[in-house]
Amino acid sequence: MSTLDYSVDPVFGPPVGCRACPRLAHHLDSVREKEPDWFNGPVPSFGDTRARLLIVGLAPGLKGANRTGRPFTGDYAGDLLYSTLRRFSFSVGQFDPNADDDLELDDVIITNAVRCLPPQNKPIGSEITNCRPYLAGLIDRLEHLRGILLLGRIAHDTTLTTLGLRRADYPFRHGAEHGVTDRITLFDSYHCSRYNTNTGRLTPELFDAVFAQIRRRLDET
Ligand code: URA
């Protein structure tokens, strides 16, 4: 396992204080005023730089990644994601929702399509476009990459664009597997948000099935 050093590798995320997206920058300014002790910035990727699996989420949650500075840490989506990762042996150590832990990811790295907190959890097109070079940089950097788990349609679409692929050729469908290069397979899943589990669109069992499929594929290679 190896851990990223964000301070010396700008490829892994926008610079601290990035204001490329005015709407996001203003939103973060207002959250920062109320909650000066929160992270309130572009959240770096977290995980193993030698990973075969990349997980792409949507964007930091207000009281989750935007508070703690670590993707999916501190909200419901993260509780489900990190407990699933543990069960499928993608992590070691304890997970703490305040990121006050010794958790390390093994063979997986987690990032977001958009690195800054969007209002109402909904990034707009220009924000997704502005953040895409950081996803591209990360994908380029992961020399052992074999699979990308795309949590929701925005992650799916921006990753296809990043890879120069047409959406029409690879429609989003929960549980779908798309072999896009001789090296990389994309795996689609509904996002593990509280909304999706409350409405029954995604159950922990359905989420497990996606990870079982990923494990099988990784173990085959
Ligand atoms: N937290 C994240 O970091 N990303 C998501 O997509 C949701 C919650």
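Tutor: Two strands are said to pair if DSSP finds at least two bridges between them, and strands themselves are DSSP runs (E, at least two residues), numbered from the N terminus. This is a predicted model, in which local features need pLDDT of at least 70 and side-chain atom pairs count only at pLDDT 80 or more, while totals for chains, interfaces and linings use all residues. Residues are numbered from 1 along each chain as its sequence is written, and side-chain values use heavy atoms, with hydrogens and water left out.

The part to look at is strand 5, residues 108-112. It belongs to an open sheet of six strands with mixed pairing, in the order 1-5-2-6-8-7, whose edge strands, each pairing on one side only, are strand 1 and strand 7 (177-179). Strand 1 (residues 46-47) pairs with strand 5 in the antiparallel sense over two bridges: Phe46 has Ile110 as its bridge partner, and Gly47 has Ile109. Strand 2 (residues 53-57), by contrast, runs parallel to strand 5 and is joined to it by five bridges, with Gly57 standing opposite Asn112.

Strand 5 is mostly covered, five of its five residues being buried, where buried means under 20% relative accessible area, exposed over 50% and partly exposed in between, using a 1.4 Å probe and protein chains only. Val108, Ile110 and Asn112 point one way from the strand, whereas Ile109 and Thr111 point the other way.

A polar side-chain atom of Asn112 lies 2.8 Å from a nitrogen atom of the ligand, which falls under the definition of a polar contact as a pair of N or O atoms within 3.5 Å. A polar backbone atom of Ala59 is 3.0 Å from a ligand nitrogen atom, and a polar side-chain atom of His191 lies 2.8 Å from a ligand oxygen atom. Taken alone, the ligand exposes 240 Å², of which the protein buries 95%, with accessible areas coming from the Shrake-Rupley method with a 1.4 Å probe.

How values were computed:
Helix = DSSP H or I, 4+ residues; strand = E, 2+ residues; numbered from the N terminus. Polar contact = N/O pair within 3.5 Å; in protein donor to acceptor, adjacent residues only side chain to side chain.
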